[in-house]
Amino acid sequence: MSKTIKKCFYEKLTFAKMLEANERARVGKVKKREVTIFEMDLETNIIKIIDEIKSGEYKFGEYRSFFVYEPKERLIKSLPYRDRVVHQWFVEEFIKPYFFKRFIKDTYACLDGRGTHKAVSALQKMMRSMKREHESYYVLKCDVKKYFYSINKTILLNILKSRMSDKKLIAFSEKILNDGGSRGIPIGNFTSQYFANIYLNELDHYVKEKLRVKYYIRYMDDFVMLVPTKDDAKRLLGLVSEFLWNNLELELNAKSRYFSNKCGIDFCGYRIYETHILLRKRFKKKVKKKFKIWQHLIEEDKFLHTKFWLSVNSFKGHASHANSYNFVKKFDRDIMIKIPYKMRYGIKDEEEGENLQYVEDNLS
């Protein structure tokens, strides 16, 4: 495959590829009204999208904005469904095949076959290797201040253009980037997570190829370096900070710091040591808070057992990647027992729940 994306924009702008994009965009959303309306006249809507892109008349719709508050307050922006189909097409046909090949092996966000648990496992392996080589060492842990809101679109477009020679593709990429404000990329756009990864890929190559840091790992804007001494960590902090500002117009968060390996490392929702992995205290508090909400919903007769089990399975799935046996047992003993089993399973009479005691005794 060519190192740059040459004249292939129209070749990939086909009904079949846009139909595939719709199949990906609709996953988990098939019951939503806007998806239903779009698919009621699917063929016409897809042909209209293709014709508008070809003529240069395609315009993105109005954003729907809302806030989320976990783990911190963030403004999320969501485009209409037809625009999300176009984003799926753009990422699958142009971003993944050409840009992913340039990513280093130790970046883990939004990549098939990687993710948070692979990142945690990889970091612990690095820590063990560093322990064997140096006994004690230092950790430089950084994250970028207001990352998505701070991305310079002109710089990002230039990074994209360095891999593109197709003028139609460049023009359409610019249209996507210029949608939604003059600076920063919207959290919530399907394209944003990939653009964000591409942007900090510049840092990855600087750290690995120029600074020659052996043990480095990144998950989106959260990255860690393992180095032999405190002086090494201090020097790298200055160099990385300088590179980010001079080349990407980004600043490090005030929480960025260096510390001894004995402290363990908070990364991707866990506290990681060479010998074991623990759940973060913030996560445990979140679980307990969630169960208090469920108990309140029971009192108001608004308890939904399906959502309850989704949350329980999510918690236990996360906990299964840590050394958390005692906490999970305590969770079952002290918290689960407070939720009546008939409520948990949506049982309306005793006959339907006659065999549930076995489940009760084997929750873990």
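Predicted model: local features only at pLDDT ≥ 70, side-chain atom pairs only at ≥ 80, totals over all residues.

Residues are numbered from 1 along each chain as its sequence is written, and side-chain values use heavy atoms, with hydrogens and water left out.

**Terms**

- On a 1 Å grid over the protein atoms alone, a cavity is a set of points where a 1.4 Å probe fits but cannot get out, and a pocket is an open set with protein on both sides within 12 Å along at least five of seven lines; lining residues have an atom within 4 Å of a point.
- A volume is the space filled by probe spheres set on the points, which are joined across faces, edges and corners.
- Helices (H or I, at least four residues) and strands (E, at least two) are DSSP runs, numbered from the N terminus.

**Cavities**

- Two cavities of 30 Å³ or more are present in the structure.
- Lining the largest cavity are Y63, K153, I176, L177, D179, I185, P186, N189, T191, S192 and F195.
- Helix α10 provides the largest share of that lining, three residues, and α9 (167–178) also supplies at least two.
- The second largest cavity, of about 40 Å³, is lined by F99, R102, F103, I159, R163, I198, N201 and E202.
- For the second largest cavity, too, α10 gives the most to the lining, with three residues.

**Helix α10**

- The 21 residues of α10 (residues 190–210) should span 30 Å at 1.5 Å a residue, and the end C-alpha atoms are 31 Å apart, which agrees; the expected span is 1.5 Å times one less than the number of residues.
- A bend of about 30° occurs in α10 at L200, taken as the angle between axes fitted to the seven residues ending there and the seven starting there.
- Of the 21 residues of α10, 15 are buried, so the helix is mostly covered (buried means under 20% relative accessible area with a 1.4 Å probe, protein chains only).

**Second largest pocket**

- The second largest pocket holds about 300 Å³ of space.
- Its lining comprises 16 residues, of which K29, S78, L79, R84 and G188 are the closest to the centre.
- The elements giving two or more residues to this lining are α2 (15–25), β1 (64–68) and α5 (81–99).

Technical notes
Buried < 20%, exposed > 50% of the residue type's maximum accessible area, 1.4 Å probe, protein only.
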